[in-house]
Each structure stands twice: as C-alpha cells, then as structure tokens.
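Me: Can you walk me through some helix packing in this one? I'll ask as I go.
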Amino acid sequence: MMTESFAGKINGKQKAIGFILLFPLYLYVIPRFANFGIYLLLKYTNITRDTTILGIYLNLICSLLSFVLVVWLLKDFLIDNIKRFKEHFTDNFVYSITIGIVMIYGISIVANMIINFVLGGGSNDSANQLLFEDYLNNGALLMAFQSVVLAPILEELLFRGLVFRSLRDKSKWLAIFASSFLFGFYTFILLYLLPSIATNLFVSYGGMGFAFSYAYEKRKTICVPILMHMINNLVAIILLVFM
C-alpha cells in the first residue's frame, strides 16, 4: 500500500533559489546569453552555419545549463523520488504508460477542440510543428536527447517539484491548477519569436501540465510525471520521423 506522503522534501532555501534564481535563468537569462553568444560568433568570426543548426545548439545549450543547475539544487529530492518509484516500480510504471498517457491524450483532444473551434488556431499548430520538424530533420539525435531526456526531467522538477510542492500544503487543487497554468504560461516567452502560436501552446501545454500534476498527486513521486513526459515527447518525435 502506498504511503500518503510525497517522496522527498524541498526546503525553504531551495525554494528561494529555485524561484528567485533558477526560474529566471531558465526562462530568460540563459536563452538570452546563449543567443547573444551565437550572434557575436556570426558577426565577428568567420563561422558560417545554417540558422536551424544554430537554433538546435542554442536550445541544447540552454537545456544543459538549466538541467545541471536544477538537478544540482534538487539532487537529494530527485534521489528520494527515484527510490520511491523503485519501491512501487510495477504500479508506477503501469500507471505511467496506461492511465497517465490516456490522460495526456484525452486532455490534448479537448485542448485541440478549444484551439480549433474557440481560438481558430489550427494553422498555428502547423507552424509550430513545421518549426520542430525543421529542427528534427537537421539534428535528430540532439533534438531527441533534449526532448526525451533533458526537458522532461528539467521541467517536471521546476513545475511539479518547485511550484506544485510549494503550494500543495495550502491546497491540492491550487497546486494542480497553478503548476498547470504556469507550465502553459511559460510558453508565452515565444511571443517575441512566434506570437501566432503562443496562445495555442498555452492551451496545449496547460492541459498536459494538468495531467502531469494530477499524476504526481496520485502517485506521490515526481518520477511518474517525468516518465509520462518522456513517453509523450518520444511518441511525438517517432510520429514526426516516420509519418
């Protein structure tokens, strides 16, 4: 029988560092510095690379730097969650690949209906998909590593580990909806690049965030939403490559 408590603890110092330092670094500072570095290379050196390839490297650099910082801050929390996942490995794994994935795709269907029939944004999804396909075609292994390994761990530690757990003692549903909302809202940083798809991404990612948060609430280990996130991204990449 599963215990009622969540695996791992995040103390006040870790929360302060996470919210004050790591979130701004991940969402804004690291991408801006990496982008500026590439700009300087193109402007003042003889390096000439396709902008798509540079975009792939930019995303990877940002993800790696953020990943190292977040895992360093929450390494004990992550270790405790891995132990809890292993203690109930079969139940957690089956939940992730069945109920968890069904939740993601069920919510995605609803989100797509909202996007298409309320927001009228079907074509914007295509623009987003074409951009991702362009990255995938020019650097499949790097994009797969970032999307299937780095991003799920990094994003779940931030949005479920920091945000959800910080609010969970106040209210279960506040924690679920706030972490889901913020998971969708952070896509608005794309506004300066792709304003036409930002609203649609907010709806889609917010829906997925709800599935991840609900699974975390049920299973009490962050490894379950991490695994769900990995599977979802892996399936998306496989479909793009082979369809």
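Reply: Start here: α1 passes α6 in a left-handed crossing (left-handed if the near helix is turned anticlockwise from the far one by less than a right angle, right-handed if clockwise). Helices are DSSP runs of H or I, at least four residues, numbered from the N terminus. This is a predicted model: local features need pLDDT of at least 70, side-chain atom pairs count only at 80 or more, and totals for chains, interfaces and linings use all residues. Residues are numbered from 1 along each chain as its sequence is written, and side-chain values use heavy atoms, without hydrogens and water.

Me: At what angle do α1 and α6 pack?
Reply: About 140 degrees, with the axes 11 Å apart. Axes are lines fitted to C-alpha atoms over the stretch in contact, and angles run from 0 to 180 degrees between N-to-C directions. That makes α1 oblique to α6 (under 35 degrees is roughly parallel, over 145 roughly antiparallel, 65 to 115 roughly perpendicular, the rest oblique).

Me: Which residues of α1 make the contact?
Reply: Gln14, Lys15, Gly18, Phe19, Phe23 and Tyr26. Contact means heavy atoms within 4.5 Å. Leu158 and Phe159 are among the α6 residues there.

Me: Which residues touch?
Reply: Leu78, Asn81, Ile82 and Phe85 of α3 meet Cys223, Val224, Ile226 and Leu227 of α9.

Me: And α6 with α7, what hand is the crossing?
Reply: Right-handed. The two helices pack at about 150 degrees, with axes 8 Å apart.
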